[in-house]
Amino acid sequence: MVEVTLLFCYQQLHLHPQHQVTSKAVEPRHTVVIKPKVTWDLGTLSRATQARAAVQEAEHHLNASISAARKLAGGGCNIFRGKWVYDASYPLYDFSTCPFIDDEFNCLKYKRPDTMYLKYRWQPFSCNLPRFNGLAFLEKFRGKKIMFVGDSLSFNMWQSLSCMIHSWVPKARTSLIKREGLAELIFLDYGVRLLLYRTPYLVDIENQKVGRVLKLDSIRNGNSWRQMDMLIFNSWHWWTHTGRSQPGRDWNAASKSCKSETQPYFGIKYPAGTPSASVVVNKVLSRIKKPVYLLDITLLSQYRKDGHPTYYSRHNGLDCSHWCLPGVPDTWNLLLYSALFS
């Protein structure tokens, strides 16, 4: 089982998923507004001095991230081709201090005995990724609404980004609202809203006389996506799902699942090859009139046979579909961060 997350972008992050077959276009918008506002304990400094220092600190982090991402983009680097390398500074956050991790992904809470899976960083072959900076992210998207649309893997990614940001501003005020099919985390001091719209399909599904029918020309659910500044889609999981096991033949092993796997696949060419559906996705996206950005996490995720919860979660039975947190989804968000800042 492999995953592809789609980030649909329009030029300077003006996101516009008009490529969807729908009678009413969804028109999210994006405008970068930078209004640094950070509170630091600066001792005896005057309030005005504190404010100036906070603004300079925030701008420094933001400019550093933008500079690194522009160098990455300017060099024509393919950030999705690379290898997993050991990094002692990983993971990017402590599972015990992030209040947002669901038990379905909280492998350390459920006593996973090995920890090496936490220590791998994605290294592109021809460049370095910028370091994730949660403060810079909050400042860049101050007052914006970002929505993940998709299945449980979108849930995985949404929680990962929440933890990554929280680790930078652990004392920031937050509000978490959950209702059926929709969750929203707000970083109140910045007005940044991270939303999750849970749906297995991007189009509508109806109960008809012949059974449950996918309406390929209908996206009524898209009304819930209106007024978003950024939309991140993912539905790949449902089109490639082969059950709870990830067959060992994918990486030339005798094992029949991801059970007991403690290391990534370190070969350059993945034995299972490129999924045929991935070829179709790229072909379709190349024909879309509005520019689309594909966050192509398929190959780098295929390598991480060690990153699944297996039996170390609240999930009933073996889970080779989702990912431990901290873990692989943090890299998905680092790549998202790199794309957004470039």
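The side chains of Arg220 and Glu206 meet in a salt bridge, with N and O 3.2 Å apart, where a salt bridge is a side-chain nitrogen of Lys or Arg within 4 Å of a carboxyl oxygen of Asp or Glu. The pair links distant parts of the chain, 14 residues apart, since Arg220 sits in the loop between β9 (211–215) and β10 (230–234) and Glu206 in strand β8 (residues 204–208). This is a predicted model, in which local features need pLDDT of at least 70, side-chain atom pairs count only at pLDDT 80 or more, and totals for chains, interfaces and linings use all residues. Residues are numbered from 1 along each chain as its sequence is written, and side-chain values use heavy atoms, with hydrogens and water left out.

**Salt bridges**

- Glu206 has a relative accessibility of 22% and therefore counts as partly exposed, given that buried means under 20% relative accessible area, exposed over 50%, and partly exposed in between (1.4 Å probe, protein chains only).
- A search of the whole structure finds ten salt bridges, among them one between Arg121 and Asp87, whose closest N and O atoms are 2.7 Å apart.
- Arg121 lies in strand β3 (residues 120–124) and Asp87 in the loop between β2 (82–86) and β3, so this pair ties together parts that are 34 residues apart in sequence.
- Arg121 is partly exposed, at 24% relative accessibility, whereas Asp87 is buried, with a relative accessible area of 15%.
- Asp306 and Arg304 also meet through their side chains in a salt bridge (2.8 Å, N to O), and both Asp306 and Arg304 are buried.

**Packing of α3 and α7**

- Helix α3 (residues 152–166) and helix α7 (residues 328–341) pack at an angle of about 75 degrees with their axes 8 Å apart, the axes being lines fitted to C-alpha atoms over the stretch in contact and the angles running from 0 to 180 degrees between N-to-C directions.
- The two helices α3 and α7 are therefore roughly perpendicular to each other, a label that covers angles of 65 to 115 degrees.
- Leu153, Asn156, Met157, Ser160, Leu161 and Met164 in α3 meet Pro329, Asp330, Trp332, Asn333, Leu334 and Leu336 in α7, with contact meaning heavy atoms within 4.5 Å.
- The residues of this contact divide into eight nonpolar, three polar and one charged.

**The chain as a whole**

- The protein chain has seven helices and eleven strands, which are DSSP runs (helices H or I, at least four residues; strands E, at least two) numbered from the N terminus.
- Buried residues make up 53% of the 342 residues in the protein chain.

Technical notes
Parallel < 35°, antiparallel > 145°, perpendicular 65-115°, else oblique. Nonpolar A, V, L, I, M, F, W, Y, C, P; charged D, E, K, R; others polar.
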